[in-house]
Every structure is written in structure tokens, then in C-alpha cells.
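Subject: Structure handover

Hello,

Here is the structure I promised. Please open it alongside this note; my findings follow below.

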Amino acid sequence: TMNEKFFADCAEAGITDIKISEGRLEESCRLPFKEIAETADRRNVNLWSFHFPFMPFNEIDVSRKDLQKNTLEKLYALMEKAAAVGVKTFVIHASGEPIDEADRKARIECAKESLYRLAEKAVAFGGTIAVENLPRTCLGRNSDDILELISAHKDLRVCFDTNHLLSEDPVDFVKRVGNKIVTLHVSDYDRINERHWLPGEGCIDWQALIKALRDVGYNGVWLYEIDYACPKSIIRNRDLRCADFAENAKALFEGKK
């Protein structure tokens, strides 16, 4: 919950930037953007990005012709609200799932058309659409997909989710996509499925990944996307706190494993 205590905890831990995010459309439409921004401002925390809703899959999906018009109308309205409180980066999923292989080409073309329109709208607000790489059968499951999707508009960029690649190494993805990456969703996983674990709890080589990001000139935030609650598949004796993310980042940037 993005309330006074949350932002106070962020400030105390030294966290300077967060994203606004509600996965479901209904909850996103109810977000009190103005109140969130005012509370963040009191604690000197920057609203770095807004994650567009992506659920339910049968209601919101930029890659489905039958949902495209309504989806874009909803996203335009949310973009305007987020931009009004200073958000400049808008993260989007290019599809829901599952997607049959036979349908991928048509879904990609529809997604590109939608992304073009969203990019044009974002430019008018002085912002950027960042297309997130996704797992499994979703559009954006590897660097080939992502590069094809963002080819729709010269101003489209990428949100790199470190735990979504199931068929490509994260370092290879960074090397291919390069300076198109403008924001991150940082978490660890087992390369079997997305897990959103704390870095160090999975199999990512974090020092290699940090080096790759530096090599391509990434200069955005180090933004975690991890549940506070302790997952059953990880041996951890408590849920996470804001301070844990700051401590984890410090360890990673100091070269620790």
C-alpha cells in the first residue's frame, strides 16, 4: 500500500524511486494518483514509472484486435493521470497469454500498431513507453520479439525484467537490446519460470549482468519487483522490508555474491 508509512520506510532505507503498479485494470483505474504523489513528495521519493495494468487477459490486451480499441482508451486515460503527477516512464506488457504459435505473427502486428499509438500519446506528455520482456508464450519472450515490437516507433524503449527470460540468458538479452533499455524490474529466478525472488536467491550471475548493463550505458534506476511475502520455495526466515532492498543493492554494487 502506497501510504505514509510506506514512503517513510522508503525514505529511511534510502530508496529514492518507486513505480506505481496495480496489475488489474479495475484497481489501476481507482488509483489515487494525486494523493500518492503528494505523499511521495513529502518523503522526497520520486515516482519513477507507472506500470500499465495487464489483467484480466480477457479484458485488456494491446495485441488482440477485439480488445484493442477499449484497451487503448483505458491506457490513454491512465497515462494522462500518471503524467499529471510527473510520471515519465510507462511500462507495458505487449500481450497476455496463452498465445498459439500460429497466432503470434498477427498478435505481434496488432501489438505494434497499439504500441505506435501509445508512443505517440506518450511523446505528447513528454514521456516514454517501455515495453517489458515477458515469459512463456507472451509477446516479448526474447530479444528478437522485443526488438521487433519496439521497431514500431522510434521512441519506444524497453523495460528489462531480469526474471522473465526462459529461453535466453539475461546477459545476452542486454547485449542485444543495448541502450534501448531505460528501466528495470530486478529479481531472481530459477530459469524454469518467473519467480520474483531477491537477487542471490536464484541463479542469475548478478556481477555479469551489472557489467553488461554498464557496458551498454544503462543509467536508469535499480528498481526491484519482488513481493514482500516470503515465498514457500525459498528458505528465508521472514518477509522482506524496504531496508532489505537497499542492503541487497549495496551488496550487489560492491561486487558481493
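Which residue just after α1 takes a positive phi? Glycine 14 does, with a phi of about 85°. Please keep in mind that this is a predicted model.

Helix α1 first. The helix spans residues 4-13. Its buried residues are Phe6, Phe7 and Cys10. These residues cover an arc of only 90° around the axis, which puts them on the same side of α1. Lys5 and Glu12 are exposed, on the face turned away from that buried side. The buried residues of α1 pack against β1, α3, β2 and α9.

Now α3. This helix runs over residues 33-42. Phe33, Ile36, Ala37, Thr39 and Ala40 are buried in α3. Down the helix axis, the buried residues of α3 fall within an arc of 165°, so they line one face of the helix. Lys34, Asp41 and Arg42 sit exposed on the other side. The cover over the buried residues of α3 includes α1, β1, α2 (25-29), β2 (46-51) and α4 (65-84). After α3 comes asparagine 44, and its phi is positive too, near 55°.

Next, a pair of strands. β3 covers residues 89-93 and pairs with β4 in the parallel sense. Five bridges join β3 and β4. Histidine 93 stands opposite glutamate 132 in β4. Strand β4 takes in residues 128-132 and is mostly covered. Of its five residues, four are buried.

Last, the largest pocket. What is its volume? The space in the largest pocket comes to about 1,400 Å³. Its lining is made up of 48 residues. Which of them lie nearest the centre? They are Lys19, Tyr224, Glu225, Ile226 and Tyr228. Three elements are listed as giving two or more residues to the lining: α1, β1 (17-21) and α9 (242-253). By residue type, the lining of the largest pocket divides into 24 nonpolar, 10 polar and 14 charged.

One link to look at on screen: α1 gives two or more residues to the pocket lining, and its buried residues pack against β1 and α9 among others. Both β1 and α9 also give two or more residues to that lining. I would start the viewing there.

Best wishes

Terms used
Residues numbered from 1 in each chain as written. Predicted model: local features only at pLDDT ≥ 70, side-chain atom pairs only at ≥ 80, totals over all residues. Heavy atoms only, no water. 1 Å grid on protein atoms, 1.4 Å probe; cavity = no way out; pocket = protein on both sides within 12 Å on 5 of 7 lines; lining within 4 Å. Points joined across faces, edges and corners; volume = space filled by probe spheres on them. Nonpolar A, V, L, I, M, F, W, Y, C, P; charged D, E, K, R; others polar. Buried < 20%, exposed > 50% of the residue type's maximum accessible area, 1.4 Å probe, protein only. Arc of directions from axis to C-beta. Contact = heavy atoms within 4.5 Å. Pairing = 2+ DSSP bridges.
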